[in-house]
Amino acid sequence: MERKPALFRFLVVFAVAAWMNAGAVGAATLEEVQACVSANSPQKTLRQSQTLIVSDRGGRERKLEMDFEWKRFSKEKSKSVLRVTSPPDMRGSAVLVIEKDGKASDIFSYLPELGKTRRLNSRSLSSSVFGSDFSSQDFDYMQNLLGGSDQKLLPDSEMNGRPVRVIESRTQGDAAGSYERVVTFIDADRCVLVRAEMRGDGDRILKTMTADPGKVIPRGDTWETREVRVEDPVRGTHSVIRTEDSETDIPIKDAVFTRGALERRGR
């Protein structure tokens, strides 16, 4: 199955309709869960203003303002750019993610002080993005929720008083990064992220990702998560990414999603 969204539009609509008719708390297949999550994605483009709050072990916070742009290209694949606009010492820093058919995404980073774009390898995928607890691998995960390979549906559970679907993802090869597997909890009714557990050797939790249930808002017939918190239990730190403003299906030029654009707009 292709990564998010992997089905033709009529299949997505059909699966979501079947989901709703069966009732959110009823049994669901992995394909139905994937289709329902995919239905929350914009059809063409997305542009957001975001705030990234980075907290160290001493409780000190650092805030970054960012622009996020996403666009669907051919064969249901997408490209996205996350770019820092403030503070001034980090303005122009950016991450570009390009989905690949049947392969791990290509991820590139740009830092103004280096003046050039570099492609991230499997080792650097787990490194910090903009000094936060989010890694490039984490950002790719959020953009392609349930988009990994080798997935299976685990027994349903409950969180925050709501039923959740539980999906285990294992990724092989260069896409694996620092995680052996990721366990994702999806709200059974809204089809949005509730929690994700990034696990390593010995099934140790390396990182958790939690969506604020009070910051899930309706967007037409779908739902959008406005705040996600990542915690690193090893370092004792956490970071929060908050969506301040969001626009869907607006014109965005293809040229925005290129390595050259990272460098031109970062200068």
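Visitor: Which strand gives the largest share of the negative patch?
Guide: Strand E15, residues 237–248, contributes the largest share of the negative patch, namely three residues. Please note that the structure shown is a predicted model.

Visitor: And which residues form that negative surface patch?
Guide: The patch consists of Glu65, Glu244, Asp245 and Glu247. Aspartate 245 is located in strand E15.

Visitor: Is aspartate 245 buried, partly exposed or exposed?
Guide: Aspartate 245 has a relative accessible area of 40%, so it is partly exposed.

Visitor: Let us step back. How many helices and strands are there in the chain?
Guide: The protein chain contains four helices and 15 strands. Of its 267 residues, 50% are buried.

Visitor: What about the accessible surface?
Guide: The accessible surface of the protein chain is about 13,100 Å², and carbon and sulfur atoms account for 50% of this surface.

Visitor: How much of helix H3 is covered?
Guide: Helix H3, which spans residues 136–143, is mostly covered, with seven of its eight residues buried. Among the buried residues of H3 are Phe139 and Tyr141, together with Asp138 and Asp140.

Visitor: And helix H2?
Guide: Helix H2, residues 30–38, is also mostly covered: seven of its nine residues are buried. The buried residues of H2 include Leu30, Val33, Cys36 and Val37.

Visitor: New topic: how many salt bridges does the count come to?
Guide: The count comes to 25 salt bridges. One of them joins the side chains of aspartate 56 and arginine 60, with an N to O distance of 3.0 Å.

Visitor: How exposed are those two residues?
Guide: Aspartate 56 is partly exposed, at a relative accessible area of 28%. Arginine 60 is exposed, at 58%.

Visitor: Which salt bridges does lysine 215 form?
Guide: Lysine 215 forms a salt bridge with aspartate 212, and the closest N and O atoms of this pair are 4.0 Å apart. The side chain of lysine 215 also meets that of glutamate 227 in a salt bridge, at 3.1 Å from N to O.

Visitor: Why does the pair of lysine 215 and glutamate 227 tie together separate parts?
Guide: Lysine 215 lies in the loop between E11 and E12, while glutamate 227 belongs to strand E14 (residues 227–232), so the pair ties together parts that are 12 residues apart in sequence.

Visitor: Where does glycine 214 lie?
Guide: Glycine 214 lies in the loop between strand E11 (205–211) and strand E12 (216–219). It counts as exposed, because its relative accessibility is 61% and the cut-off for exposed is over 50%.

Visitor: Which residues are linked in the network of salt bridges?
Guide: The network links Lys152, Glu168, Arg170, Arg181, Arg195, Glu197, Arg199 and Asp203. Aspartate 203 is located in the loop between strand E10 (193–199) and E11.

Visitor: What is the phi of aspartate 203?
Guide: Aspartate 203 has a positive phi of about 60 degrees, although it is not a glycine. Asparagine 160 is another residue other than glycine with a positive phi, near 55 degrees. Asparagine 160 is found in the loop between strand E7 (151–159) and strand E8 (162–169), and it is exposed, with a relative accessible area of 60%.

Visitor: One last thing: is the peptide bond from serine 86 to proline 87 cis or trans?
Guide: That peptide bond is cis, with omega near 10 degrees. Proline 87 is placed in the loop between strand E3 (78–86) and strand E4 (94–100).

How values were computed: Residues numbered from 1 in each chain as written. Predicted model: local features only at pLDDT ≥ 70, side-chain atom pairs only at ≥ 80, totals over all residues. Heavy atoms only, no water. Patch = residues over 30% accessible without salt bridge, like charges linked within 9 Å, V, L, I, M, F, W, Y side chains within 5 Å. Areas by Shrake-Rupley, 256 points an atom, 1.4 Å probe, with all protein chains shown as cover. Lys, Arg positive; Asp, Glu negative; His and termini not counted. Charge placed at Lys NZ, Arg CZ, Asp CG, Glu CD. Helix = DSSP H or I, 4+ residues; strand = E, 2+ residues; numbered from the N terminus. Buried < 20%, exposed > 50% of the residue type's maximum accessible area, 1.4 Å probe, protein only.
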